[in-house]
Amino acid sequence: MSLLIMKPGLLTTVQDLGRYGYQQYGVIAGGAMDSYALRMANLLVGNDEREAGLEMTVTGPEITFAEPSLISICGGGLSPMLDEHPLPLWRTVYAPKGARLHFGRLSRGCRAYLAVAGGIEVPVQLNSRSTYLRAGIGGHQGRALRSGDVLPIGTPTHRGNIWTEMLTKVQGPENLSVSRWFPAYNLIPSYLETPVLRVIAGEEFPAFSEESRERFLSEPFMILPQSDRMGYRLTGSSLNLVREQSLISSAVTYGTVQVPAGGSPIILMADRQTTGGYPKIAQVITADLPLLAQAKIGSDVRFRLITLQEAQEQLLQQELELRRLRIVLEHYY
């Protein structure tokens, strides 16, 4: 089984949940920017959540299915079409042999994730199939997809095969074979144009002036065009320390908000470095990283301070809901 890439889109890469266990050697974790959407897409086709899928940014690719495939697309609204039929998001869909997947205008968010039953079976490098563009490793030849690329698909799970067999017998709207419901609509994130990102105080939060702390938590910051998978550069009010200080580089992670000398914050993203020496004013909570990943260049973000306990409760609640979904899907058919 395979996918044929007819057109690559703006930036389409193979991603899984990341390359962990090597950060002590300076190897970044990487992985999907919106790992929540990828996990959901994988669950909907019977895959393990860690299987590799396609991350599609702003403008989607055009793909032909060489064999019948069970697919799901989750994340931002890139207006997917299967042949000439609009394709629902957050659903399980049967794509017949020769079907053409393509995309239209961007309606919300900026990244969508395609999962195929069996997962995209590119070589595993350092325990991951994720593409790290700057180093040219992982994914398909360590790069973004190009026209003419052929991506191999692995063997679907037993559950994926059962779902495929059943969906071929159920004709949905416009003659698409689509699962008729999504069992937990409350699990679909609200990708707002101006998200309010919950944060916990960073290590150097008290070192910033009171005025800077107030501005950080009350004013919007715009995502600049210089942003990428490594970091979102923001512009807005300047954030200043009470007094300049030299810091020893320390560990950073996805969602760490650093403030360089110029006073304009940078939010570290999926392809962030492993350590950083700039003052850390805040940390975006894990439960809100999907909202951050779907924020477009040119849009505003705002920040709201919560406690560490509240952040942990939000993540626990999210994981419990995903666990319930896994159980429902395992017993659905």
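Me: Before we start, what does contact mean here?
Reply: Contact means heavy atoms within 4.5 Å. This is a predicted model: local features need pLDDT of at least 70, side-chain atom pairs count only at pLDDT 80 or more, and totals for chains, interfaces and linings use all residues. Residues are numbered from 1 along each chain as its sequence is written, and side-chain values use heavy atoms, with hydrogens and water left out.

Me: OK. Which residues does Ile267 touch, leaving aside neighbours within four places in sequence?
Reply: Ile267 is in contact with Met230, Gly231, Tyr232, Leu234, Gly255, Thr256, Val257, Val284, Leu292 and Phe303.

Me: Now helix H1. Where is it, and how many of its residues are buried?
Reply: H1 covers residues 35-44. Helices are DSSP runs (H or I, at least four residues), numbered from the N terminus. Nine of its ten residues are buried, meaning under 20% relative accessible area with a 1.4 Å probe, protein chains only. Among them are Tyr36, Leu38 and Asn42.

Me: What comes after H1?
Reply: Gly46 follows H1, and its phi is positive, near 80 degrees.

Me: How do H1 and H5 pack?
Reply: H5 is residues 308-330. The angle is about 15 degrees, and the axes are 10 Å apart. Axes are lines fitted to C-alpha atoms over the stretch in contact, and angles run from 0 to 180 degrees between N-to-C directions. So H1 is roughly parallel to H5, a label for angles under 35 degrees.

Me: Which residues make that contact?
Reply: Tyr36, Arg39, Met40, Leu43 and Leu44 of H1 meet Gln318, Glu319, Leu322, Leu325, Arg326 and Leu329 of H5.

Definitions and conventions. Helices (H or I, at least four residues) and strands (E, at least two) are DSSP runs, numbered from the N terminus. Angles under 35 degrees count as roughly parallel, over 145 as roughly antiparallel, 65 to 115 as roughly perpendicular and the rest as oblique. Buried means under 20% relative accessible area, exposed over 50%, partly exposed in between (1.4 Å probe, protein chains only).
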